[in-house]
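Biologist: I am new to this structure. Could we go through it together, please?

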Amino acid sequence: MIIYGTALLAVCHLLGIVLGDLLGAALGMKTNVGGVGIAMLLLIVMRLNLHRIGRLSATSEGGVNYWGAIYIPVVVAMAMQQNVVAALRGGPVALIAAVGSVLVCALFVSFINRMEPPHAEPENKSE
Amino acid sequence: MWEILEKAAKENGLVAAFAIVGLVVLASGLISRKLTFGRVQGSAIAILIGLALAYVGGKMSGGTKGLADLALFSGVGLMGGNMLRDFAIVATAFEVHPEEARRAGWIGAIALLLGTVLPFIVGVGVAWAFGYRDAVSLTTIGAGAITYIVGPVTGTAIGASSDVMALSIATGVIKAIIVMVTTPVAAKFMRLKTPRSAMVFGGLAGTVSGVTAGLAATDRKLVPYGALVATFHTGIGCLLGPSVLFFAVKAIFGN
């Protein structure tokens, strides 16, 4: 039943939000702390466990996969309701922050990858 | 006739939103293939069109919720609202294979952590340089420099204003586009050749759409490795953004 997958997703989502709220309260904040991230971790764990005991059918998985696939359109809808008029007044901030962070990250990618041991190549061929 | 259409769209807001967003995504796919020859991913174009429509909606209504302030498009507010957005993001965790992720080892985890903290520091620094002084705005803009999803999730959690949220999303979207377009050009400099190097890249570059599109244009074989690490990015960003990073900014800059 496809609803099982969607219900599993919903339960993980709600649990994550509740745990995030509890964590927030424990840290002395009125806000949710990492609820979405906790929900994602819960879903990964649930998926692994259900797979191991063989209780997750392909149809049930479809109930989650649909929502995973719909996330770009949801983000598009989210973009449509942002206060862009106000954002454009701060224009250069977004541009400079984006360019700056990409440059810094590219430098680190280059630095880390130059440290990669050369014997990594034959390993790939055997895979 | 127009009145009947308008009434139908108003009374079926969410359904109308599905149709509108579908049309935008369709148009973006066409633009991506015909005008940019697949160089710029359709989803990035769709988000840019969405932001442009939000600008038009904001100008027309004078409100703060972009297109959703126009009665005809109010359903967009529900579709792109916090509830469905978080629901869809949590669902993407289903695509993560932990056993393959474990193979990425400590270097993937380090790249992931650096890819969260470094853009955040740059974002906060730039926001500070442009006169933002409150911890909530600084954190939200810094989080936007991580990805365009971490930005609004963090902003919502700590109560940022809508214009700061839009700025945060704009930062993330511009970052994703830069990653998509420049990855093939900078592939040699970044030594993007092996699965391990793609995982380091996925962790540091962050944005899933940017990483997958950028790697696809570089070497198709590397895509799953980069995406694997990058799919953890949003989760870790959403976990650290409103918590550790926000507290750190608060401790350094006060309120």
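Biologist: How many helices and strands does chain A have?

Modeller: Chain A has seven helices and zero strands, where helices (H or I, at least four residues) and strands (E, at least two) are DSSP runs, numbered from the N terminus. This is a predicted model, in which local features need pLDDT of at least 70, side-chain atom pairs count only at pLDDT 80 or more, and totals for chains, interfaces and linings use all residues. Residues are numbered from 1 along each chain as its sequence is written, chains are lettered from A and ligands numbered from 1 in the order in which they are written, and side-chain values use heavy atoms, with hydrogens and water left out.

Biologist: What share of chain A counts as buried?

Modeller: Of its 127 residues, 51% count as buried. Buried means under 20% relative accessible area, exposed over 50%, and partly exposed in between (1.4 Å probe, protein chains only).

Biologist: Turning to chain B, why is H10(B) described as largely enclosed?

Modeller: H10(B) is largely enclosed by the rest of the structure because 10 of its 11 residues are buried. Among them are Met199(B), Phe201(B) and Leu204(B). Just after H10(B), Gly206(B) takes a positive phi of about 80°.

Biologist: And Met165(B), is that residue buried or exposed?

Modeller: Met165(B) is buried, with a relative accessible area of 12%. Met165(B) is found in helix H9 of chain B, which covers residues 162-186.

Biologist: Which residues does Met165(B) touch?

Modeller: Not counting residues up to four places away in sequence, Met165(B) touches Gln82(A), Thr140(B), Pro152(B), Gly155(B), Thr156(B) and Ala160(B). Contact means heavy atoms within 4.5 Å.

Biologist: A change of topic: how many salt bridges does the structure hold?

Modeller: Over all chains, the structure holds two salt bridges, each being a side-chain nitrogen of Lys or Arg within 4 Å of a carboxyl oxygen of Asp or Glu. One of them joins the side chains of Glu6(B) and Lys10(B) (3.8 Å, N to O). A salt bridge also forms between the side chains of Glu11(B) and Lys7(B) (3.7 Å, N to O).

Biologist: Where do Glu6(B) and Lys10(B) lie along the helix?

Modeller: Both are in helix H1 (residues 2-11) of chain B, and because they are four residues apart, about one helical turn separates them. Glu6(B) is partly exposed at 23% relative accessibility, and Lys10(B) is partly exposed with a relative accessible area of 42%.

Biologist: What about Glu11(B) and Lys7(B), buried or exposed?

Modeller: Glu11(B) and Lys7(B) are both exposed.
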